[in-house]
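Visitor: Hi! Could you walk me through the charge pairs and the nonpolar packing in this one?

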Amino acid sequence: MYILYNKILEKVVDSNKVELTGYMPLNASLSVKKVEVEAIQDMANNQLNTNSNVKVAYDIKIVVDGIEYDPEDLDEQINVTFYNIETEVGNKDKYKMIHINDQNEIEEIENFELNENSVSFEAKSFSTYALI
């Protein structure tokens, strides 16, 4: 069992920053890997029946003592923000935030916040997230 602390973890990948905020174990560390857009593009278009372009995609993990930690294991959610993302503020309907689960199924994130150069959402589990 973990004692949870309100923490902020961040990692810069290329010129984009990924920031996680929420309750997690004290010794939690963040792993972020950029996912190639081509790897997600066809999957997203087929499963969502759309012809959208993937703006950015990251495989996100929180690691505690060498083991992956999912917030839902402890009834928590983590706020995730991607910074330095080119977006059109005021045109949220143009974008979709998606989560690709461990079974390669796409789950659309309904509640996300689009700001100038950033996008934020709540995550219960981690794997690949993409803005399309």
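Guide: One term before we start: a residue is called buried when its relative accessible area is under 20%. Also keep in mind that this is a predicted model.

Visitor: Got it. How many salt bridges does the structure hold?
Guide: There are 5 salt bridges. One of them joins E19 to K17, with the closest N and O atoms 3.8 Å apart.

Visitor: Is E19 buried or exposed?
Guide: E19 has a relative accessible area of 13%, so it is buried.

Visitor: Which residues are linked with K17 and E19 in a network?
Guide: E10 is; salt bridges link E10, K17 and E19 in a network.

Visitor: And what does D59 pair with?
Guide: D59 forms a salt bridge with K61, and the closest N and O atoms there are 2.9 Å apart. D59 is buried at 18% relative accessible area, while K61 is partly exposed at 22%.

Visitor: What about E108?
Guide: E108 forms a salt bridge with K96, at 3.6 Å between the closest N and O atoms. E108 sits in strand β8 (residues 106–109) and K96 in the loop between β6 (78–83) and β7 (97–100), so this pair ties together parts 12 residues apart in sequence. E108 counts as partly exposed at 34%, and K96 is partly exposed at 26%.

Visitor: Switching to packing: which residues touch the most other members of the largest nonpolar core?
Guide: I60 and F82 do, in a core of 29 residues. Elements that give two or more residues to this core include β1, β2 (16–25), β3 (29–34) and β4 (56–64). Of the contributors, β4 gives the most, with 5 residues.

Visitor: Nice. What does F82 touch?
Guide: Leaving out residues up to four places away in sequence, F82 touches a list that includes K17, V18, V56, Y58, I60, M97, F121 and Y129. There is also a second, separate core of 10 residues, with V54, I98, I100 and I106 among them.

Visitor: Which residues form a nonpolar patch on the surface?
Guide: I3, Y5 and L26 form one, with about 320 Å² of accessible area together. Y5 lies in strand β1 (residues 4–13), and counts as partly exposed at 35% relative accessibility.

Note on methods: Residues numbered from 1 in each chain as written. Predicted model: local features only at pLDDT ≥ 70, side-chain atom pairs only at ≥ 80, totals over all residues. Heavy atoms only, no water. Salt bridge = Lys/Arg side-chain N within 4 Å of Asp/Glu carboxyl O. Buried < 20%, exposed > 50% of the residue type's maximum accessible area, 1.4 Å probe, protein only. Helix = DSSP H or I, 4+ residues; strand = E, 2+ residues; numbered from the N terminus. Patch = residues over 30% accessible without salt bridge, like charges linked within 9 Å, V, L, I, M, F, W, Y side chains within 5 Å. Areas by Shrake-Rupley, 256 points an atom, 1.4 Å probe, with all protein chains shown as cover. Core = buried A, V, L, I, M, F, W, Y, C linked by side-chain atoms within 4.5 Å. Contact = heavy atoms within 4.5 Å.
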